Structures are given as C-alpha cells and as structure tokens.
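This briefing covers salt bridges and pockets in the structure shown below.

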Amino acid sequence: MGAIDFGEWVAPDLKLELGGRTYLVRPPTVEAAKMILAAAVRGEVNLGLVTGEIPAEVQAMLDSIGDEHPALGDAYAALVADQVPAATIDRVAYYAVFYWARGKEYADTLAKLLWLPRDLTPGIAGDAAPKG
C-alpha cells in the first residue's frame with residue numbers, strides 16, 4: 001500500500017491583506033487551538049451571542065495565554081514590527097480567533113457586524129422622518 005499525499009486536504013494558511021502587505025497565519029497547533037477555542041467562547045459571551053458565564057476551565061485556559069496571540073502565531077510579531085496600530089492588531093486577532101474556531105463565514109459575518117461603517121443618520125435606512 002502506498003502513502004497518501006494528504007497535502008491537498010490540509011488547512012490552508014490564513015492570508016491577511018493589510019496596508020499593501022500580506023500576513024500569513026499558519027493553522028494553529030493543538031495547544032494554540034485550545035487557547036483559540038477558549039478565546040472564541042469568551043468573545044461569544046462578551047458579544048452576547050452565548051448566554052451565561054465563562055466556564056472555569058475556559059477561564060483557566062484564558063489565564064494561561066498571557067501576552068501570546070495564539071490565533072495569529074508568528075504573524076503577530078510581523079504586525080508589531082510593521083507598527084500596525086494596536087487597535088487594528090486587536091481586530092485582526094479577533095477575526096483570526098473566529099476564523100480558526102468557527103470558520104471563514106462566521107468570522108466574516110462578525111467582522112461586518114462589528115466594524116463595517118454604518119450611516120446612522122435618521123431617514124437613511126428607510127426610517128421615516130420625524131413629523132413635526
């Protein structure tokens with residue numbers, strides 16, 4: 001029996017385009033994946049997508065992360081070296097957490113809900129103008 005080339009089935013890198021650069025984020029290791037799943041649980045609780053408290057075992061995993069950015073891997077150091085603003089790195093990390101934990105469609109949907117600019121001017125979104 002011959003060996004099976006599994007290369008076409010491995011998870012691809014996450015390619016992040018930002019400021020004319022492409023940052024490649026390799027799929028997480030088993031240990032990083034645990035931290036990413038814990039971060040996803042915290043994110044969903046904080047966003048109100050999941051009700052209840054963060055379980056103690058999830059909080060313990062979160063406490064172990066420290067200054068690491070497991071969802072970004074080595075790309076975190078590249079973002080810092082390129083002097084990407086901290087708020088942008090936070091958004092990229094949030095996206096990467098949900099990308100690895102729940103998939104691209106989920107991460108894209110949350111990113112659009114959280115960060116897509118909206119015009120909140122009354123009357124623009126079909127709201128009737130106040131009657132005087």
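**Salt bridges and pockets**

Lys104 and Asp108 are joined through their side chains by a salt bridge, at 2.5 Å from N to O; a salt bridge here is a side-chain nitrogen of Lys or Arg within 4 Å of a carboxyl oxygen of Asp or Glu. The count by this rule is four salt bridges. The model is predicted: local features need pLDDT of at least 70, side-chain atom pairs count only at pLDDT 80 or more, and totals for chains, interfaces and linings use all residues. Residues are numbered from 1 along each chain as its sequence is written, and side-chain values use heavy atoms, with hydrogens and water left out.

- Lys104 is partly exposed at 49% relative accessible area, and Asp108 is partly exposed at 21%; buried means under 20%, exposed over 50% and partly exposed in between, with a 1.4 Å probe and protein chains only.
- A salt bridge also links the side chains of Lys34 and Glu31 (2.9 Å, N to O), and these two residues lie three apart in helix α1, about one turn of the helix.
- Lys34 has a relative accessible area of 40% and is partly exposed, as is Glu31 with 45%.

**Salt bridge between helices**

- The side chains of Glu44 and Arg102 form a salt bridge of 2.9 Å, N to O.
- Glu44 is in helix α1 and Arg102 in helix α4, so this pair ties together parts that are 58 residues apart in sequence.
- Glu44 is buried, with 7% relative accessible area, whereas Arg102 is partly exposed at 36%.

**Pockets**

- The largest pocket holds about 350 Å³; a pocket is an open set of points on a 1 Å grid over the protein atoms alone, where a 1.4 Å probe fits, with protein on both sides within 12 Å along at least five of seven lines.
- A volume is the space filled by probe spheres set on the points, which are joined across faces, edges and corners.
- Its lining has 18 residues, with Ala39, Arg42, His69, Ala93 and Val97 nearest the centre; lining residues have an atom within 4 Å of a point.
- Helix α1 gives the largest share of that lining, six residues.
- The second largest pocket has a volume of about 210 Å³ and is lined by 13 residues.

Terms used:
Helix = DSSP H or I, 4+ residues; strand = E, 2+ residues; numbered from the N terminus.
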